[in-house]
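I opened my notebook to look up side-chain contacts. Here is what I am working from.

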Amino acid sequence: MASLPTLGGAWRSAREALSFSSTRVRHDTGVHLHRIDRYSKVDGMALPGECIDSAPFRAGGHEWQLLYYPNGANDYSRSSHGRVSVDLRLRPGPWWRLFYDPQDVTAAYTVSVLDADGNQVVSKAVKPHRFGSCWSRAGIEDVATAEKLRSALQGVKEDGLIVRCDVTVINLEKESRIKWYLRQLVKE
């Protein structure tokens, strides 16, 4: 029979020789609804390049803001003139977090324009984008032509619309061996 010190050394060697960790993808989704009353007046007053900012909202542990351009994102590009465009902006967390926890977030989002009754008029899914720092933006995306949106909203009794933004934050989650075992035990 082996002596106790020999067994202790063998156990330590086996434990150091075998390690385990795992990585998995985790999706955290949040939804924000932004109502725009008297849309026909807003649409008529907004110049190309002017946006309507939503209130800040939280999704996936981060703060976001939707930028809605009723008449295109800029006045010098013919490609966005006459189009309804959107952009998603990552807002900074508390100033002190920037020093030890810089934001590097990957997120996809879907924007849907709903009539006042909540019926979907148009929708646009935007593929995942890496937001590298605070105030980082996904990039301008055209949702529909302004004419298509106007004609879809003509039959609506109330002159308003709702912009729905579904944000999905995509995280790579790394786990130690112990966390993985505990998660497996909870599943059973």
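How many aromatic pairs does a search of the whole structure find? I got 2 aromatic pairs, where rings of Phe, Tyr and Trp (its six-membered ring) pair if their centres lie within 6.5 Å, and planes under 30 degrees apart count as stacked, over 60 as edge-to-face and the rest as tilted. One of them is W64 with F131, an edge-to-face pair at 5.0 Å centre to centre and 75 degrees between the planes. This pair links distant parts of the chain, with W64 in strand 4 (residues 62-69) and F131 in strand 7 (residues 120-131), 67 residues apart. For the numbering, helices (H or I, at least four residues) and strands (E, at least two) are DSSP runs counted from the N terminus.

A note on what I am reading: this is a predicted model, in which local features need pLDDT of at least 70 and side-chain atom pairs count only at pLDDT 80 or more, while totals for chains, interfaces and linings use all residues. Residues are numbered from 1 along each chain as its sequence is written, and side-chain values use heavy atoms, with hydrogens and water left out.

Are W64 and F131 buried or exposed? Both are buried, going by relative accessible area (buried under 20%, exposed over 50%, partly exposed in between, with a 1.4 Å probe and protein chains only).

Next I looked up salt bridges, meaning a side-chain nitrogen of Lys or Arg within 4 Å of a carboxyl oxygen of Asp or Glu. The structure holds 7 of them.

E63 and R91 meet through their side chains at 3.0 Å, N to O. E63 is partly exposed at 24% relative accessible area, whereas R91 is buried at 19%.

R83 has a salt bridge with D142, and their closest N and O atoms are 3.1 Å apart. R83 belongs to strand 5 and D142 to strand 8 (residues 141-145), 59 residues apart. I have R83 as partly exposed, at 25%, and D142 as partly exposed too, at 24%.

D104 pairs with R130, with 3.7 Å between the closest N and O atoms. Here the loop between helix 3 (97-100) and strand 6 (105-115) holds D104 while R130 is in strand 7, so the tie spans 26 residues in sequence.

Last, I checked for disulfides, pairs of cysteine sulfur atoms within 2.5 Å. The count is 0. As for cysteines, C51 is partly exposed at 33% relative accessibility, and C165 is buried at 0%.
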